[in-house]
Amino acid sequence: MKCLLLLIFPVLLLTSCDSESSLRVRNQLPYAVVENVDWGGIPVSSQIIPGETSQKITIMENEMYYNIHLPSAFPLKFYINVNGDRVFVQTRKSYLLNRDNDLTIDLCDTTQVFNPLMDKTN
């Protein structure tokens, strides 16, 4: 019984120390659908229509699958779809997600983006 408790205690201690953060994206672009949104290699949403917010994506402090260590800052990468015309873009700004943080990123008309496939200056 003592051995079992000695094994369970470190596991509980390690799992309770992980910080949990969340990320979501709000599409405030009036006529554009935002598709395949990605932050740091983590897929955030496949599609966000104008006026909607993506579901909350939970990120653990040391995310092993995506190799994310918080705090981390990454730009958003996504497609803008307007009437069937799609353009791949990336935000010029990187968005910082801290430990135990709930971050909502607003995509609006003033969000600076560029196409990394076309723009070599970044």
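Predicted model: local features only at pLDDT ≥ 70, side-chain atom pairs only at ≥ 80, totals over all residues.
Local features need pLDDT of at least 70 and side-chain atom pairs count only at pLDDT 80 or more, while totals for chains, interfaces and linings use all residues. Residues are numbered from 1 along each chain as its sequence is written, and side-chain values use heavy atoms, with hydrogens and water left out.

**View 1. The three-stranded open sheet has the order S4-S1-S11.** Its pairing is mixed. Strands here are DSSP runs (E, at least two residues), numbered from the N terminus, and two of them pair if DSSP finds at least two bridges between them. Strand S4 (57-60) and strand S11 (102-107) are the edge strands, each pairing on one side only. From one strand to the next the twist averages 25° (axes are lines fitted to C-alpha atoms, and angles run from 0 to 180 degrees between N-to-C directions). Four bridges link strand S1 (residues 20-27) with S4 in the antiparallel sense. Ser22 stands opposite Thr58 of S4.

**View 2. Ser21 lies in strand S1.** Ser21 counts as buried because its relative accessibility is 1% (buried means under 20% relative accessible area, exposed over 50%, partly exposed in between; 1.4 Å probe, protein chains only). The Ser21 side chain reaches the backbone oxygen of Asn98 at 2.7 Å. Such a polar contact is a pair of N or O atoms within 3.5 Å; within protein, one must be able to donate a hydrogen and the other to accept it, and residues adjacent in sequence count only if both atoms are side-chain atoms. Neighbours within four places in sequence aside, Ser21 is in contact (heavy atoms within 4.5 Å) with residues including Ile57, Thr58, Ile59, Leu70 and Leu97.

**View 3. Ser72 belongs to strand S7 (residues 72-74).** With 11% relative accessibility, Ser72 counts as buried. A polar atom of the Ser72 side chain lies 2.5 Å from the backbone oxygen of His69. Not counting residues up to four places away in sequence, Ser72 touches Trp39, Tyr95, Leu96 and Leu97.

**View 4. The five-stranded open sheet runs in the order S3-S2-S8-S9-S12.** Its pairing is antiparallel. Strand S3 (42-48) and strand S12 (113-114) stand at the edges with a single partner strand each, so one side of each has no neighbour in the sheet. Strand S2 (residues 33-39) and S3 run antiparallel and are joined by five bridges. Asp38 has Pro43 in S3 as its bridge partner.
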